[in-house]
Amino acid sequence: MSNLRIVVVNTVIHDEDDESLHAQAERARVLRIGLLEAGYDIIASLPPDMYLPERIAQLQPDMIIVDAESDARDVLEHVVIATRDERRPIVMFTEDQDPESMEAAVEAGVSAYIVAGLQSERIKPVLQVALAQFKREQKLLDELSDTKSKLAERKVIERAKGLLMERQRFTEEQAYQKLRSMAMSKNLKLSEVAQRILDVEDLLG
């Protein structure tokens, strides 16, 4: 866990008064101390701009930590785009207590949304929980994807069986055995042979 390669995405302060800058600097300091004390590898600190997806793709971090003051939604949009093609655990430390922002963050894939109270000693357990949550969700997503894939394959096989039964007057068992024999002879999956039969049928009209 402590060998995680982390990218920190820092909020952008538009109202550059001393108080805002001081608050941001203090949050960044506490966050950095907590990460370093826990032994994590901070590989970059990046702004949430249009170049973020490219930079994250280059750096390939294990986790993304978002440090956002009151512009959590804006920052999150950039992070979501940056992780759209390759999901990663995202932890957000923010001062944005708007329930809608929290809900949007969770729906977008944020593993942990921490409002205020950023103490360095809390960072490690927060990251541990976030990583465990991410792995659990990823496992469920993988299982769902696998189930959908198998269902799609089954439908293709059933359509090909029906076509063989109609064209060659096969029984259902004969159609299945024909598909199975073709798959074995061509060293293909049953669904791949079935899809080829359907493709040929489409070409022939």
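Predicted model: local features only at pLDDT ≥ 70, side-chain atom pairs only at ≥ 80, totals over all residues.
Reader: Which residues make the contact between H5 and H7?

Author: From H5 the contact includes Glu153, Val156, Ile157 and Arg159, and from H7 it includes Leu190, Ser191 and Ala194. The residues of this contact divide into nine nonpolar, two polar and four charged.

Reader: What makes Arg88 and Glu86 a salt bridge?

Author: The closest N and O atoms of Arg88 and Glu86 are 3.7 Å apart. The rule asks for a side-chain nitrogen of Lys or Arg within 4 Å of a carboxyl oxygen of Asp or Glu, so the pair qualifies. By this rule the count comes to eight salt bridges.

Reader: Why is Arg88 called buried, and why is Glu86 called partly exposed?

Author: Arg88 has a relative accessibility of 6%. Buried means under 20%, so Arg88 counts as buried. Glu86 stands at 41%; this value lies between the limits of 20% and 50%, and Glu86 is therefore partly exposed.

Reader: How do you know that Lys161 and Glu172 form a salt bridge?

Author: The distance from N to O in this pair is 3.0 Å. As the limit is within 4 Å, the side chains of Lys161 and Glu172 meet in a salt bridge. The pair links distant parts of the chain, with Lys161 in helix H5 and Glu172 in helix H6 (residues 172–186), eleven residues apart. Glu158, Lys161 and Glu172 are linked in a network of salt bridges.

Reader: Is Lys161 buried or exposed, and what is Glu172?

Author: Lys161 has a relative accessible area of 7%, and because buried means under 20%, Lys161 is buried. Glu172, with 45%, is partly exposed.

Reader: What makes Arg167 and Glu166 a salt bridge, and why is Arg167 called partly exposed?

Author: The side chains of Arg167 and Glu166 meet at 3.1 Å, N to O, and the limit is within 4 Å. Arg167 has 48% relative accessibility; exposed requires over 50% and buried under 20%, so Arg167 counts as partly exposed. Glu166 is also partly exposed, with a relative accessible area of 48%.

Note on methods:
Residues numbered from 1 in each chain as written. Heavy atoms only, no water. Contact = heavy atoms within 4.5 Å. Helix = DSSP H or I, 4+ residues; strand = E, 2+ residues; numbered from the N terminus. Nonpolar A, V, L, I, M, F, W, Y, C, P; charged D, E, K, R; others polar. Buried < 20%, exposed > 50% of the residue type's maximum accessible area, 1.4 Å probe, protein only.
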